[in-house]
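Biologist: Pick one part of this model and walk me through it closely, please. I'd like to know what it packs against and what lies under its surface.

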Amino acid sequence: MAPTIHILNGPNLNRLGLREPGVYGAQTLSEIESLVRDHAASRGYGSVFRQSNHEGELVDWLHAANDSAGVVLNAGAYTHTSIALHDAIRSIDAPVVEVHISNVFAREAFRHHSTISPVARGVICGFGVHSYLLAVDALAALRTA
Ligand code: DQA
């Protein structure tokens with residue numbers, strides 16, 4: 001069976017396409033899902049793609065990804081606040097790549113701090129939808145390194 005990458009999306013990302021298109025682009029989350037799943041498949045990975053507005057559900061999904069090839073995590077605003085996500089990432093074996101569509105460092109100061117970066121394997125931000133594709137490539141590179 002193909003190794004699986006989990007792509008987990010946090011709060012308000014279900015609003016992509018409608019939400020601040022000047023910041024996040026015009027693509028909907030389901031369009032992003034197709035692009036990311038196709039990209040993962042082209043690299044030989046199966047994929048699980050999920051979105052939740054609830055912190056605890058994201059914690060549960062991180063736990064469920066324990067035995068996977070890795071996690072691409074766009075935690076949305078929980079990136080900047082969540083100790084629960086920090087602890088969940090620490091608790092699992094799978095590598096986690098933190099991603100952001102926007103360049104959070106070019107935005108408001110409250111977006112410059114991440115509770116999850118210190119426990120993520122790496123961080124990719126600012127490349128729009130390509131941030132997700134780069135994160136898939138990063139996880140693939142980790143497994144061949
Ligand atoms: C985001 C950046 C966060 O600061 C914001 O709260 C989001 C989206 C991004 O993908 O650029 O919801 O994670």
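This is a predicted model: local features need pLDDT of at least 70, side-chain atom pairs count only at pLDDT 80 or more; totals for chains, interfaces and linings use all residues.

Modeller: Residues are numbered from 1 along each chain as its sequence is written, and side-chain values use heavy atoms, with hydrogens and water left out.

As for the names, helices are DSSP runs of H or I with at least four residues, strands are runs of E with at least two, and both are numbered from the N terminus. The residues of α5 that count as buried (under 20% relative accessible area; exposed is over 50%, partly exposed in between, with a 1.4 Å probe and protein chains only) are S131, Y132, L133, A135, V136, L139 and A140.

On length, α5 has 15 residues and spans 21 Å from its first C-alpha to its last. That is close to the 21 Å expected at 1.5 Å a residue, the expectation being 1.5 Å times one less than the number of residues.

Now for the helix partner. The axes of α2 (residues 29-42) and α5 (residues 130-144) come within 10 Å and cross at roughly 25°. Those axes are lines fitted to C-alpha atoms over the stretch in contact, with angles running from 0 to 180 degrees between N-to-C directions. The two helices are therefore roughly parallel (under 35 degrees; over 145 is roughly antiparallel, 65 to 115 roughly perpendicular, the rest oblique). Their crossing is right-handed, so the near helix is turned clockwise from the far one by less than a right angle, anticlockwise being left-handed.

Who does the touching? α2 brings I32, L35, V36, H39 and A40, and α5 answers with Y132, L133, V136 and D137, where contact means heavy atoms within 4.5 Å. Sorted by type, the residues of this contact come out as seven nonpolar, one polar and one charged. Here Ala, Val, Leu, Ile, Met, Phe, Trp, Tyr, Cys and Pro go in as nonpolar, Asp, Glu, Lys and Arg as charged, and the others, Gly among them, as polar.
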